[in-house]
2 protein chains.
Amino acid sequence: MTDLVLTGIGQLVTNDPQRDGLLGLVDEAAVAIKAGRVAWVGPERELLRELRDLPELDCAGRSVLPGFIDAHTHLAFAGNRAEEFARRLRGETYEEILAAGGGIHATVEATRATDSMRLLDSSIQRAKRMLGYGTTTVEIKSGYGLETETEINQLEVAAAIDDELAIDVVPTFLGAHVIPKEFIGDRAGYVRLVIDEMLPAAAPLAKYCDVFCDEGAFTVDEAREILAAASGHGLRARMHANQLGHSGGAALAAELGAVTADHLDNITSDDVAALKAAGTVAVLLPTVSLSLRLPAPPARRLWDAGVPVAIATDCNPGTSYVENMQLVIAIASLEAALSPEEAVWAATRGGAMAIEAEDKGVIKPGAVADFVVLEADSYVEIPYRPGTDLVRIVIKNGKVVAG
Amino acid sequence: MTDLVLTGIGQLVTNDPQRDGLLGLVDEAAVAIKAGRVAWVGPERELLRELRDLPELDCAGRSVLPGFIDAHTHLAFAGNRAEEFARRLRGETYEEILAAGGGIHATVEATRATDSMRLLDSSIQRAKRMLGYGTTTVEIKSGYGLETETEINQLEVAAAIDDELAIDVVPTFLGAHVIPKEFIGDRAGYVRLVIDEMLPAAAPLAKYCDVFCDEGAFTVDEAREILAAASGHGLRARMHANQLGHSGGAALAAELGAVTADHLDNITSDDVAALKAAGTVAVLLPTVSLSLRLPAPPARRLWDAGVPVAIATDCNPGTSYVENMQLVIAIASLEAALSPEEAVWAATRGGAMAIEAEDKGVIKPGAVADFVVLEADSYVEIPYRPGTDLVRIVIKNGKVVAG
């Protein structure tokens with residue numbers, strides 16, 4: 001069924017700016033869905049008789065939110081770096097770990113070595129768990145191939161997940177993730193490969209082009225050149241920026257009008273002002289800081305400056321093997337100083353802005369009918385009860401798909 | 001069935017000090033269970049033929065651990081303090097929250113006002129979720145009655161959970177949790193009530209007596225008097241100590257040879273030395289610090305000094321509404337500087353020491369057959385993949401009870 005009416009909603013988070021407060025809460029609400037989109041939202045007592053005749057799901061006083069939008073993941077990977085993680089927690093340095101064959105190059109090697117079916121198998125399991133935890137749209141980046149064939153494999157896996165699961169996938173080409181081992185000493189050669197060979201092949205499979213513009217990855221000039229070429233292929237820009245240092249990435253994201261600047265752990269007041277002026281969305285990744293035992297990203301500062309903030313898992317095998325947006329909301333509140341409502345907004349409407357989805361992350365007429373029904377009567381319970389899966393039912397395009 | 005043989009265990013955490021390393025790991029292992037207890041442990045190739053004929057559970061290469069032991073909870077409560085939590089995260093002070101009717105007194109009021117059946121209903125749901133997340137033994141404290149009838153109700157709820165669910169419950173009397181409102185101005189009167197009326201009534205239902213010995217709660221002299229009386233009723237001592245300040249609680253715990261000293265956020269080198277000499281177990285509660293946005297407990301310091309460390313949820317509606325020991329392991333590693341193996345030990349063998357269970361938290365002949373089978377091939381994945389429920393199967397007394 002893609003027609004449905006949700007009744008008995010104790011607390012509805014609409015994120016509709018036409019309503020009161022950040023989350024546009026409606027109490028004792030109902031939502032009617034026709035053909036997978038929201039047809040009507042409001043207090044249940046105002047529900048029209050004709051909508052009452054739709055197939056009904058009684059939410060029994062529970063809280064209903066837009067489905068979570070995870071706007072930054074690298075979930076299409078092979079291999080496992082649990083042992084590297086353990087070594088790091090025992091005090092080894094990243095240099096020692098790299099020397100022992102760990103780090104991102106280990107994932108590149110494993111992802112190149114696996115076949116497409118196995119890559120799809122493990123990736124789809126991750127996406128399925130994400131959906132079960134309430135994520136209805138997920139961005140997936142390539143970037144563990146660093147050569148054309150595997151980059152394309154990753155993007156095909158992203159497309160296959162979109163086809164096979166109810167979750168929506170937004171694919172991003174990240175050939176410029178890091179300089180691969182075989183090009184160390186020939187950075188310019190790798191940039192040419194990305195621009196001349198990978199981009200033309202990847203563009204039909206991707207919506208965005210991302211570049212890791214940071215210390216140890218790509219320079220501002222390299223990133224500018226790659227993103228200009230991507231723009232020529234119709235791919236808008238996202239950017240890994242200022243995670244490791246004051247790299248100039250955030251300023252470049254603003255200069256280029258990138259859709260997002262992600263990480264942003266090291267930013268100046270000028271960076272913040274530039275992102276605000278550009279309308280670039282800050283995609284913050286609080287579980288990366290958690291996993292790396294580092295200070296939380298500057299969520300409060302960006303939010304207070306008026307930069308739109310999204311939060312995401314960064315699901316990847318090295319620095320944040322996280323699949324659950326409920327944990328991201330909790331850590332954003334508890335470690336990155338967002339209030340529960342700000343964190344919930346950033347995981348829903350903020351995530352939608354980060355993928356330019358006007359009709360997601362919001363519950364109003366015309367929006368895609370993607371919801372989570374909580375096993376709780378308030379969204380506050382998500383950070384209040386960390387570690388407990390509070391998503392009871394997941395609804396995608398008006399259909400119950402999990403729970 | 002209480003006879004069972006687990007085969008195909010890729011990695012077995014035994015915690016057996018006779019084996020190598022902190023966790024006494026055995027690879028490619030098997031465990032035989034007879035009458036709910038471990039009969040044999042070792043490499044599968046050495047499994048005797050007669051044990052091969054037991055009913056078999058093939059673990060398909062997964063990691064198997066002792067069931068988690070959650071040695072500090074207040075799970076038998078009524079009411080909900082999500083709104084207070086949200087106010088705190090928006091920046092209100094504890095004083096403002098108390099003035100608005102929040103804080104522990106709100107839970108005392110709600111727990112006094114509820115009836116026994118409703119208290120059991122909500123509490124048993126929490127215990128059931130805990131069991132599903134891998135906790136096979138849970139300590140439950142009273143302390144939200146602060147008058148005899150409700151304290152007894154809470155202990156009866158603890159007993160009912162033990163009867164009705166597979167999870168084992170260790171009951172603790174905590175009448176001296178805080179001075180109730182009606183005794184403010186008559187501390188001595190409340191201490192007399194605890195000693196003369198509550199303790200005799202509670203003793204048959206409890207294994208331990210706990211006192212919150214800290215700033216704003218009970219003084220060292222009051223705690224000493226209450227715990228001495230408890231000892232006369234056969235109840236050994238636990239103590240909430242040094243959470244809020246340098247209260248003298250840890251030193252008193254050591255002086256009395258208490259089984260545990262819990263929280264310990266503010267301790268001196270003398271406290272550490274005294275706990276070590278006394279053999280008192282430090283029960284640390286890292287998700288309390290997370291929920292309160294405070295620095296993590298000094299796990300590293302206590303561990304390095306040789307004090308036995310347990311980690312627990314402190315499940316309660318004010319400062320740590322956590323039901324999932326997997327999250328506690330992750331936060332202990334990521335925020336409190338334990339290694340993954342130390343955190344896993346503290347959640348299993350450390351927890352068992354904190355409830356004086358020689359035959360739990362360890363997998364060796366004669367031990368209670370309480371295990372979790374992970375959806376992973378290593379215990380490291382628990383902190384490596386926070387937010388994902390990695391417990392696939394829970395086994396209690398040799399029976400599959402969840403998953």
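This is a predicted model: local features need pLDDT of at least 70, side-chain atom pairs count only at pLDDT 80 or more; totals for chains, interfaces and linings use all residues.
Strand β8 (residues 168–176) of chain A and strand β9 (residues 208–213) of chain A run parallel and are joined by three bridges, where two strands count as paired if DSSP finds at least two bridges between them.

These strands belong to an open sheet of eight, in the order β6-β7-β8-β9-β10-β11-β12-β13 (chain A), with parallel pairing. Because β6 (68–70) and β13 (309–311) of chain A stand at the edges with a single partner strand each, one side of each has no neighbour in the sheet. From one strand to the next the twist averages 25°. Helix α8 (residues 220–232) of chain A packs on the sheet, where it touches β8, β9 and β10 (236–241) of chain A, contact meaning heavy atoms within 4.5 Å. The direction of α8 makes about 175° with that of β9(A), the axes being lines fitted to C-alpha atoms, for helices over the stretch in contact, and angles running from 0 to 180 degrees between N-to-C directions.

Chain A is divided into domain 1 (4–66 + 362–402) and domain 2 (68–354), with bounds that come from an automatic or database domain assignment.

Domain 1 of chain A and domain 2 of chain A bury about 1800 Å² between them, 73% of it on carbon and sulfur atoms; buried area is the accessible area (1.4 Å probe) lost when two parts are put together, summed over both. Leu22(A), Pro383(A) and Lys396(A) supply 28% of the area that domain 1 of chain A buries against domain 2 of chain A, more than any other three residues.

## A salt bridge across the interface

The rule finds one salt bridge across this interface, defined as a side-chain nitrogen of Lys or Arg within 4 Å of a carboxyl oxygen of Asp or Glu. Lys396(A) forms a salt bridge with Asp168(A), the closest N and O atoms being 2.9 Å apart.

## Basis of the values

Residues are numbered from 1 along each chain as its sequence is written, and chains are lettered from A and ligands numbered from 1 in the order in which they are written. Local features need pLDDT of at least 70 and side-chain atom pairs count only at pLDDT 80 or more, while totals for chains, interfaces and linings use all residues; side-chain values use heavy atoms, with hydrogens and water left out.

Terms used
Helices (H or I, at least four residues) and strands (E, at least two) are DSSP runs, numbered from the N terminus.
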